[in-house]
Amino acid sequence: MNELLPIKNIFNNKDVVSIDQFDRASVEKLFTTTRRILKMSPSRRLNLLKGKLVTLLFFEPSSRTFGSFSAAIKRLGGLTIDYQNPTETSSAVKGETLEDTIKVFENYSDAIVMRHYEMGAAKRAADAALFIPVINAGDGSGEHPTQALLDGFTLRQELGKLDGLKGVLAGDLLYGRTVHSLIRLFNLFNNVTLYLLSPKNLRLPEELMKRFAKSNVKLVEIPTEKDIPRDCDFWYWTRVQKERFKDLKEYEKVKTRFILTPELVKERGNKNMLLMHPLPRVGEIDERIDSDPRSIYLNKQVKNGMYVRMGLLQLILGK
Amino acid sequence: MNELLPIKNIFNNKDVVSIDQFDRASVEKLFTTTRRILKMSPSRRLNLLKGKLVTLLFFEPSSRTFGSFSAAIKRLGGLTIDYQNPTETSSAVKGETLEDTIKVFENYSDAIVMRHYEMGAAKRAADAALFIPVINAGDGSGEHPTQALLDGFTLRQELGKLDGLKGVLAGDLLYGRTVHSLIRLFNLFNNVTLYLLSPKNLRLPEELMKRFAKSNVKLVEIPTEKDIPRDCDFWYWTRVQKERFKDLKEYEKVKTRFILTPELVKERGNKNMLLMHPLPRVGEIDERIDSDPRSIYLNKQVKNGMYVRMGLLQLILGK
Amino acid sequence: MNELLPIKNIFNNKDVVSIDQFDRASVEKLFTTTRRILKMSPSRRLNLLKGKLVTLLFFEPSSRTFGSFSAAIKRLGGLTIDYQNPTETSSAVKGETLEDTIKVFENYSDAIVMRHYEMGAAKRAADAALFIPVINAGDGSGEHPTQALLDGFTLRQELGKLDGLKGVLAGDLLYGRTVHSLIRLFNLFNNVTLYLLSPKNLRLPEELMKRFAKSNVKLVEIPTEKDIPRDCDFWYWTRVQKERFKDLKEYEKVKTRFILTPELVKERGNKNMLLMHPLPRVGEIDERIDSDPRSIYLNKQVKNGMYVRMGLLQLILGK
C-alpha cells in the first residue's frame with residue numbers, strides 16, 4: 001500500500017502499521033467483529049479466510065506473536081507461508097533489501113504479517129507492498145499495534161468499557177513498544193489515567209509525555225510502587241527487554257527493579273483489578289500470583305490476542 | 001492436564017507422556033483404531049481432525065519425528081503451528097520458562113506435541129497445560145512413547161502378535177529412550193524375551209534391569225554378537241547418540257562397536273526375522289542390507305510411525 | 001524414482017531434476033496447463049491437490065523459492081511439511097545420509113521439493129526415492145529447472161513465442177545455475193541467439209559453450225555492455241553469488257562489474273524489450289529502473305514462478 005491510511009471503519013485490504021491509524025469507531029468495529037466471530041459455528045468460521053494465504057515474515061524471534069497469528073489465520077480456514085528468522089535462512093543473507101523481499105512475497109500471498117528488529121521497518125514494508133496489506137507484528141522499539149488492540153479488547157471484555165479507566169504501566173517504558181501503542185490506543189477513549197512506574201533510565205520518552213500532555217489520557221509518573229493508587233482497574237506490567245540494551249551491565253541493574261508480588265498486590269491493589277503482562281516475563285512477576293483469579297496474563301489476555309487478530313484479519317481479508 | 005493419567009482405553013484429551021500410562025487394552029485399542037483409519041476413504045480420513053490445530057513445539061532438532069507428526073495431523077485434515085528449535089527462535093531466548101511457553105500455546109491450539117532436550121520436560125509440560133493434551137515426542141534421555149508404539153504396531157502387523165516374541169535390542173541401551181520405552185511396552189504383553197547387546201559403558205540402567213526382573217519381559221544381557229540366539233523374531237538396532245556424550249573420545253570408542261552386516265545376519269539370523277532401527281543411523285547398519293526384504297527400518301517402520309500417530313491423534317482429539 | 005526419465009509429455013509422478021528431461025512438447029504442455037489453471041475458478045483450483053502433502057526439504061537458505069513452492073502447493077489445496085536449513089535442525093546434524101533422509105520423507109509425503117547446496121544432490125535424491133517424485137529446487141551450482149521454466153513461461157506470455165528470440169545473459173555465467181538451465185531450455189526452441197556478458201573469470205563453462213556450439217541456440221560472448229545489440233527481446237541479468245566464492249576478495253572485484261542502469265537501457269535497449277532477473281539482486285540493478293514498465297523482475301517474473309510451479313505440480317501430482 002502506498003500510504004499509511006487512517007482506518008476510519010474501512011479495514012478492507014489496508015495496511016496496519018500503527019495504532020495512530022485507528023479512530024474510536026474503528027476500534028469499536030474491530031471489537032464487535034471479533035465478538036461476532038466468536039459466536040459463529042466452527043464450520044462457518046473455517047470459511048471466512050478459506051483460500052487465503054498469509055506470509056508470516058518474522059525477521060526477529062517471536063514464538064508468541066508468530067503462534068498467535070498462525071492460529072488466528074488457520075482458525076478462520078486460511079493458510080500461511082512461514083518465515084522465521086529470515087536473517088539466517090533466506091534472501092536477506094544474500095543481501096536483499098527489505099523492499100525487494102516484500103515485493104516478492106506480495107506475489108505469493110494475500111497479506112504479509114511482519115515482525116522486524118528495526119523501528120520503522122513496518123512502514124517501509126507497507127510502502128513497498130503495492131497490492132496487498134502489511135500488518136505490523138512489532139518493529140524494533142517502534143510499534144506493536146495488535147498487542148495494544150488485544151489489551152484493549154481484554155479490558156473491554158473484562159471491565160465493560162475503556163472510558164474512565166485508571167491503570168498502572170510498569171517496567172520498561174522507554175523501549176517497550178507495547179506500552180507506546182497502548183497509550184496511543186487509550187487516547188482514543190475518554191478520561192483515562194495511567195500511572196507510569198519505571199526505572200529512571202527507562203522512563204517513557206519525553207516526546208510521548210509531551211504529545212499526550214493535553215490529550216484524553218492523563219499520564220502520571222510515580223516514583224515507587226508505594227505510590228500506586230489503590231483504586232486502579234488494572235496493572236500492566238512489562239519485561240525489561242534485554243535485547244534492546246547495548247550495555248548488559250545496565251540491563252542487570254534494572255531488570256528486576258519492580259517485581260509484581262502477592263504482597264504488593266495485597267498492599268496496593270483491590271479485589272476487582274486485573275493483572276496484565278504482554279509476555280514473555282523473565283522474573284518481574286512472582287509465579288505465586290499466577291493462580292490469583294485477577295491474573296489474566298497467561299490465559300484471557302493470550303486467548304484474546306488470537307481472537308482480536310482473527311477479527312482484524314477478517315476485516316482486512318475476509319469475505 | 002494436571003495429572004499423568006493411565007489411559008485405560010479412554011484417550012480423549014489425555015496427555016501421553018510415558019508408556020507407563022498404557023495398559024494392554026489401550027495399546028490394542030490404539031492399534032485397532034490405526035488399522036480402521038487406514039481402511040477409510042481419503043475424504044473421510046481428511047475429516048477426522050478437520051478444524052483442529054496442533055502445535056509442534058520442537059526444542060531439539062528432529063526432522064523425522066517432526067515430519068511424522070506433521071504428516072499424521074495433515075493426513076487427517078488438521079493443521080499445525082510449527083516450532084522448530086525454539087531455543088534459538090523464540091521466547092525461550094528471552095528467558096521464558098517452559099511452563100509459560102506451554103500455557104501460551106494452549107491458548108492457541110488443541111494439542112501440543114513436544115520434543116525437548118531435557119528428561120522430565122514432557123511431564124512438566126503436561127502439568128503446565130491445564131486444558132489441552134501434551135504428547136511427548138521425546139524428552140532428553142527420558143521417554144519417546146510414540147516410537148515404542150510404532151515399533152509395537154510394526155511387530156504386530158508383521159508378526160501377528162506381541163506375546164511370546166524373542167528379540168535383540170542392540171546399541172546404546174543406557175541413554176536410548178527408544179529402547180526404554182519399548183521394554184516398558186513389551187511388559188504389557190506375555191512371555192517376551194529380549195537379548196540386550198551393548199558396549200559395557202552403555203548397558204541398560206541397573207534400575208530398569210531390576211524393575212523388569214520379575215516381569216512379563218525377560219531381559220538377558222549377552223556379551224557379543226555371537227551370543228545372539230538364532231531363532232529371534234526381530235533385531236532392533238540403535239544408534240549410539242553422540243549428543244548424549246560429554247566426552248567425545250568416549251563416543252568415538254563405542255560408536256560402531258556393533259555393526260549390523262549381511263554377514264552377521266547370515267551367521268546369527270533366520271529367514272523370517274525383522275531388522276529394525278528407530279533411525280537416524282550413522283554407520284551401525286551396513287547399507288548392503290537395505291535391500292534385504294527383512295530390513296524394514298527405511299520403509300514399513302517409518303510408515304507405521306505416521307500411521308500409529310494418526311491413530312493416537314484421532315483417539316485423543318478426533319470426533 | 002530409479003532413473004532420470006525424459007518427460008515426453010507424461011509428467012505423472014516423474015522426478016524433475018534437469019531441464020534435459022524436457023522436450024519441446026513437454027514444455028508446451030506445461031505452459032498450456034499453467035494457463036488452464038489460471039483460468040479456473042478459485043474453488044475448483046483449491047481441489048486440484050486436495051489431500052496431497054509435499055515435503056519442502058530446504059538444506060540451503062532460500063526464501064523466494066521456498067515461498068513460491070509453498071504458495072503454489074497451497075493455492076491448489078495441498079499442504080506442506082516444512083524443512084528449512086535442515087543442516088542445522090534435523091537428522092543431518094546426527095550424521096544421516098541424504099539418501100536416508102529422502103527415504104524417510106517419502107513415507108510421509110506425496111512428493112519432495114528439495115533445495116540442496118551440492119551439485120548432483122537432486123539426482124541422488126531422485127535415485128533414493130523409490131515411490132514418490134523429487135523436484136529439484138536448485139542443487140548447488142548444478143541446475144534449477146523450475147527457474148528456467150518460469151523464465152520461459154514469462155517470455156512466452158509476454159512475447160508470444162520462444163522461437164527466434166534474441167537476448168542478453170549477464171553476470172555470473174560460471175556458477176549461475178539459473179543461466180545454465182535457461183540455455184538448455186532455449187535449445188528446445190529454434191533460432192535463439194543469446195549474448196553472453198560476464199567478468200572474465202565468470203564466463204560460461206567451456207563445456208557448455210562446446211555443447212551448444214552446433215545447436216538451436218547461438219551463444220555469442222560479448223566483451224562489454226557497449227557490444228549489446230540494440231534489438232534484443234530481453235536482458236536477463238544475474239547476481240554474482242557470494243556463496244559460491246572461496247576467496248571473498250575475488251568476489252569483491254567482480255560483484256558489480258556490470259550494472260543495469262537506466263542510462264545503459266537508454267543507450268543499448270529498445271522500447272519493447274523485457275528486463276529480467278532471477279532475484280535476489282544485490283546491487284547489479286539500479287533501483288531507478290524498477291518503475292520502468294519493461295522491468296518485470298519484481299512482479300510478472302515472480303508471479304509466473306508461482307504459476308508455473310502450480311502447473312508442474314498439477315501435472316505431476318494432480319488428479
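Buried area is the accessible area (1.4 Å probe) that two parts lose on being put together, summed over both. I am working from a predicted model.

**Entry 1: extent of the B–C contact**

I looked up the buried area between chain B and chain C first. It comes to about 2300 Å², and carbon and sulfur atoms give 53% of it. Which residues of chain B lose the most area to chain C? I found Ser63(B), Arg75(B) and Leu298(B), which together make up 23% of what that side buries. I then took the residue lists: chain B puts 30 residues into the contact, and chain C puts in 24.

**Entry 2: polar and charged pairs**

I checked for salt bridges across the interface of chain B and chain C, and the rule finds 3. In one salt bridge, the side chain of Arg64(B) meets that of Glu96(C), at 2.3 Å from N to O.

**Entry 3: what chain B presents**

α3 (63-75), β2 (79-84) and α12 (300-317) of chain B each supply at least two residues. The largest share is from α3(B), with 9 residues. By class, I logged 11 nonpolar, 9 polar and 10 charged residues on this side.

**Entry 4: relation of the copies**

I superposed chain A on chain B. This takes a rotation of 120° with 0.0 Å of shift along the axis, and the RMSD is 0.0 Å. That is how a three-fold axis relates copies. Only 7% of the interface residues of chain A are also interface residues in chain B, so the copies meet through different surfaces.

Key. Residues numbered from 1 in each chain as written. Chains lettered and ligands numbered in written order. Predicted model: local features only at pLDDT ≥ 70, side-chain atom pairs only at ≥ 80, totals over all residues. Heavy atoms only, no water. Contact = heavy atoms within 4.5 Å. Salt bridge = Lys/Arg side-chain N within 4 Å of Asp/Glu carboxyl O. Helix = DSSP H or I, 4+ residues; strand = E, 2+ residues; numbered from the N terminus. Nonpolar A, V, L, I, M, F, W, Y, C, P; charged D, E, K, R; others polar. Least-squares fit on C-alpha atoms with pLDDT ≥ 70 in both.
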